Amino acid sequence: MSEFALKTALPQYLVKEQERIEKIAAAEGLDFFPTVFEILTYDQMNEIAAYGGFPNRFPHWRYGMEYERLAKSYEYGLSKIYEMVINNNPSYAYLLEGNSLTDQKLVMAHVYGHVDFFKNNFCFRATDLDTGGRTTDPAQRPKNYDPNRRWIDKMANHGSRVRRHVARLGINKVEDFIDQCLSLENLIDPHAAFHGRRPRRDPDAEEKATEIPRLKSKDYMESFINPEEYLEEQRQKIVAEKEREKKFPAHPERDILRFLLDNAPLERWERDVLEIIREEALYFVPQMQTKVMNEGWACVRNDTRVFTAAGLVRMDALVAGVSSLVSDGETVRHVYDRNIIKDHPTIKMRTRRGLAVEGSVNHRVLLADGSTWRRLDELAVGERVKVSGGAGVWPEAMMPIAFTMPERLTIADVARKTEVSPFTVLRRRAGMNVRAANAIDEALEHYEAQVVAGVPTAQAAEVRLPRVVDEDLAAFLGYLVGDGHISRVKRNFGLTTGDEAQALSFQQLGERLFGIRARVKRDGNRQRVLFHSQAVAYFLVAALGLKHGPSAREKEIPDAVLQSPAHVVRAFLRAYYDCDGHAGESGVILVTSSDALAEQTQLLLLNFGILSRKRRAKDDCWRLQIQGKSAQVFAEKIGFGLVRKQRAVDAYVENHQWFKDEVWEDEVVSLEPSRADVYDISVEGTHRYAGAGFIHHNSYWHSKLMTTKILDASEIIDYADNNAGVLATSGGRLNPYKLGVELYRNIEERWDKGQFGKEWEECDDLDAKKHWNLRLGLGKKKIFEVRSLYNDVTFIDEFLTADFCRDQKLFSFSWSNRNERYEIETREFKQVKEKLLFQLTNAGNPFLYVEDANYDNRGELLVRHDHQGLDLKADYARECMKSLVRVWKRPVNLLTIVEGKQVMVRYDGREHSTRHMRP
C-alpha cells in the first residue's frame with residue numbers, strides 16, 4: 001500500500017465536487033467526521049477490498065484468496081467495485097478510477113451519509129478508542145465530539161504484531177491458531193462496551209475467617225436470643241453462599257472471548273492473537289446492530305425477463321431503455337430510474353413449478369401472502385412465493401421489423417476495390433502469392449465473412465420480406481421453432497411433420513409471406529415442406545434471431561414475438577403447440593430439448609393466466625405441463641390448430657369438471673449462491689414489477705439518488721437518515737428494507753403532525769386521530785434524533801405501533817402441515833412485534849455463556865446455550881467446540897436443547913460424545 005499511498009489524491013475537478021457536496025450536506029444538518037477521498041485503480045481497489053476495506057490487516061491466507069478472486073474477476077471483465085468507506089476519524093473513502101462523473105457524485109453523497117451515521121449513531125461509540133472500549137453512557141458526549149477512531153492505524157498495528165509472531169514462530173503455527181480464533185469470533189458480547197467490567201477473581205487471595213452473625217443481646221439472654229438452631233441456620237447460609245462463590249465464573253459470562261483471554265492457559269503470543277481477533281470482531285458489531293436502519297442495493301440478473309408494455313423483455317434491455325412502462329402484477333407502472341451493479345453476490349431461486357430468478361442477495365420477492373417481502377438471502381427452502389404474470393399487459397402495436405438486406409460483395413467487387421483483376425483475387429484466395437496481397441486479404445476478409453453468414457447475392461435477395469410481425473408470420477415462426485429447420489449450407493428452410501394439415505398450413509403461410517413456392521416431399525408417413533431461398537433463410541436468422549443447423553437445445557422464442565401483442569403471441573403458441581405439444585389424461589404437455597424455450601413459453605402462458613410446471617424428464621428433455629383450471633384457460637385462449645389435438649384438450653377439460661380454484665403461489669425448492677452483474681429499475685407508486693414469474697421489489701432509496709437530482713439537499717438528507725450506514729450487512733431472517741424505510745417515513749409524518757405524546761395516546765376518537773395534524777414540523781428533528789440514539793432492536797421496540805403494523809399489513813406466519821403451505825399465524829400486534837424483535841436480537845447468532853470453568857471439578861469448560869426456541873446447527877457447534885478445546889486446552893462441554901430435550905455435548909480433543917440430561 002505504501003507504494004501508491006501518495007499517488008491517490010483526487011483530481012481538481014473532483015475536489016471541487018467534493019467541496020460542493022460537503023457544503024450542501026453540512027448546511028442541511030449532517031454532522032460528519034473529516035472525510036478523505038482517494039481515487040484508486042482497479043488493482044488498488046481490489047487489494048483494499050481483499051482486506052475488508054482497510055489498507056492493511058494481519059496476514060492470513062483468506063485475504064490472499066479474496067484478492068485472487070477479485071483480481072481474476074477484474075481480468076475477465078466481471079468485476080467493478082464502485083466505492084468503499086471506513087468507520088474511522090478521519091473517515092477514508094475510496095473512489096474507483098474510471099467511473100463517470102455522475103457515479104463519483106453519487107458515491108460522495110453516499111459516503112457523507114455513511115460518515116454522518118458513523119459519527120452520530122450511539123452504537124458506533126463502541127469503536128471510540130479513547131474510551132478504552134468502555135462507554136457507559138453512549139447518549140452523552142462532549143460538545144466538541146472528536147473521538148479517537150484511528151482504526152486504520154490500529155488494524156495496521158495488529159498486522160505488525162502478528163507479523164512479529166510469524167517471524168519468530170513460523171507462518172503455519174500462527175495461521176493455524178488464527179483459523180481457530182476466527183471460528184470463535186462471534187462469541188462476544190455485543191454490548192460489552194456499554195457496561196462495566198466485573199472484578200476478576202484472585203485465586204491467591206486468603207480466605208477470611210467465617211463469623212456467624214448474632215443478634216445483639218445481654219449475656220444472660222444469649223441462649224434465648226441466639227439459640228443454637230438459629231446459629232446453625234445462619235452457618236448453613238454462609239456455607240451455601242461460599243459454595244456459590246467458589247463456582248467460577250460466579251455469573252454466566254456471555255463474552256466468551258474475553259473470558260478465554262482472562263483465564264485460558266495461553267502463551268503470550270496466543271493471547272495477543274486472540275485479543276486482536278476479539279477487538280476486530282467488536283469493531284464490526286455496530287454494523288450488525290443497525291441493519292434495519294441501513295439497507296443497500298437490490299437487483300436481478302441481466303437475462304431476467306420482465307413483463308412490460310413492450311412485451312416480455314430482458315432486464316438489460318429494459319435498463320437500456322426499451323420500455324418505460326412495466327407491469328407490477330396488477331397494472332402498468334412507469335419506470336423512472338435504472339442502474340447496473342457489476343460483480344455482485346447473487347442467489348438463484350428455483351421453485352416447484354420450475355420458475356427461476358437470480359438476483360442480488362438482498363433482492364426482495366413477494367411471498368405468497370401478497371404483502372410480505374423477503375430478501376433472497378433470507379428465503380428458506382420450503383417457503384412459498386407469489387407467482388405472477390404481467391396481469392395481461394401486452395404491447396398494443398405489432399412489432400416492426402427494422403431490417404435491410406446487406407449488399408453482398410462479389411469477387412469482381414473485391415478486384416475493383418483492390419485495383420487488380422478477378423483472376424488475381426482468385427489466385428490469392430487459393431493461397432498464391434500475388435501483388436497487393438495485403439489489400440486483397442483485407443477485402444477478402446469481408447467477402448468471406450458474408451459467405452459464412454449466408455448473405456444472399458443480389459439476384460437471390462429479390463424476394464418479398466415482411467415488415468411487421470403479424471399473426472401469419474408468428475404462426476410460421478411457431479412451426480419453424482417447433483419442427484422446422486434452417487440450413488445455411490443447403491440454403492433452405494422447412495418443416496417435417498406427420499400431420500398433412502400442419503404441412504399444408506406451413507406451406508400456405510410461407511408462400512403468402514415470402515412469395516416463393518415450396519417443394520413438398522413424402523418420407524414414409526411424414527411430409528417435408530422445403531423452401532429454397534438463401535435470402536429468406538438469412539432474413540430469418542439475421543432479422544428474427546432463429547437458430548440454424550442442429551440447434552434443438554439452443555432454440556428460443558424470437559424477441560420479435562416476445563414483444564408482440566397478445567393475438568400475435570397466441571398465433572405463435574398455437575402453431576408451436578401443434579408441433580411439440582399434445583393433450584391427454586395428464587393435461588396439456590409440451591416437450592422440448594431447450595430449457596430457454598420452455599422457460600419463455602412458461603412466462604408467456606402466465607400472462608394469459610395459465611399456470612404450468614416445467615421439469616426435466618429422464619430423456620433429458622424438458623416437459624411443460626398444464627393441468628386443472630389452467631388447461632381450460634389454455635383451451636379457450638390459445639388452443640391447438642390441429643383438430644385432433646384440440647379435441648383431446650377439450651376432452652380433458654370435459655372429464656375434469658371438478659377444477660378447484662388455482663393458487664398463484666409456489667414453493668421454493670433450491671437457493672444457489674453465485675456472482676453476476678445485476679440490473680435495477682425504479683418503479684413509481686408501488687415500487688415493484690413482475691418478472692420471471694414473480695413480483696420483485698425495486699431498490700427505492702439508491703435509485704432515488706441515481707436521478708439527476710442527486711445533489712438536491714433534501715434528497716441527501718433523506719438518504720443519510722433512511723439509508724446511510726455500513727455497506728456490508730450480516731444475514732438474518734428479517735427483510736429490513738420495507739420495514740426500515742416505511743418506519744422512518746411514519747416517524748417523520750407523526751412528528752410533523754404531532755401524533756405522539758400523552759394527548760395523542762389518550763385520544764379514543766378514531767375520526768379525530770385520522771385527521772390529527774398540529775403542524776409541529778418536528779419530523780426532520782426526530783429523524784436525526786432516532787439516527788443517533790437507536791439501534792435496530794430499540795428502533796422497532798419504540799416506534800413500531802399497532803397502527804403502523806396494521807397499515808403495513810405486518811402479520812406473523814407459520815407453516816401449516818395440514819394444508820402444506822404458509823398461513824397467517826396471528827394478526828395480534830404484540831406477537832408480531834415480539835417476533836420481529838426476536839429475529840433481530842443478537843443478529844441471529846445463538847446466545848452462548850460460559851457457565852463453569854471447572855465443570856465436574858476436572859478443569860473442563862461448560863458452555864450453556866440459551867435456547868430461546870432456536871436449535872444450534874450441529875456441524876457448526878462441533879467445529880466451534882474443536883476450536884474452544886484448542887484455546888482452553890482442556891475438554892469442552894456444551895449444554896443445549898435438541899428436539900425439546902436437554903443434551904450435553906462433549907469434545908475431549910479426539911471425539912465428540914452426546915448424552916441426554918435428566919430433567
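Which residues is Asp-852 in contact with, leaving aside its neighbours within four places in sequence? They are Phe-248, Pro-249, Glu-860, Leu-861 and Leu-862, where contact means heavy atoms within 4.5 Å. The model is predicted, with local features needing pLDDT of at least 70 and side-chain atom pairs pLDDT 80 or more, while totals for chains, interfaces and linings use all residues. Residues are numbered from 1 along each chain as its sequence is written, and side-chain values use heavy atoms, without hydrogens and water.

Asp-852 belongs to strand E28, residues 847-855; strands (E, at least two residues) and helices (H or I, at least four) are DSSP runs numbered from the N terminus. Asp-852 is buried because its relative accessible area is 15%, buried meaning under 20%, exposed over 50% and partly exposed in between (1.4 Å probe, protein chains only).

A negative patch gathers Glu-759, Glu-761, Glu-762, Asp-764, Asp-765 and Asp-767. Helix H27 (residues 758-762) contributes the largest share, 3 residues. Asp-765 is placed in the loop between H27 and helix H28 (766-770), and counts as partly exposed because its relative accessibility is 43%.

A patch of positive charge is formed by Lys-490, Arg-519, Lys-521, Arg-526 and Arg-528. Strands E17 (518-523) and E18 (526-532) each give two or more residues to this patch. Arg-528 lies in E18 and is partly exposed, with a relative accessible area of 30%.

How values were computed
Patch = residues over 30% accessible without salt bridge, like charges linked within 9 Å, V, L, I, M, F, W, Y side chains within 5 Å. Areas by Shrake-Rupley, 256 points an atom, 1.4 Å probe, with all protein chains shown as cover. Salt bridge = Lys/Arg side-chain N within 4 Å of Asp/Glu carboxyl O. Lys, Arg positive; Asp, Glu negative; His and termini not counted. Charge placed at Lys NZ, Arg CZ, Asp CG, Glu CD.
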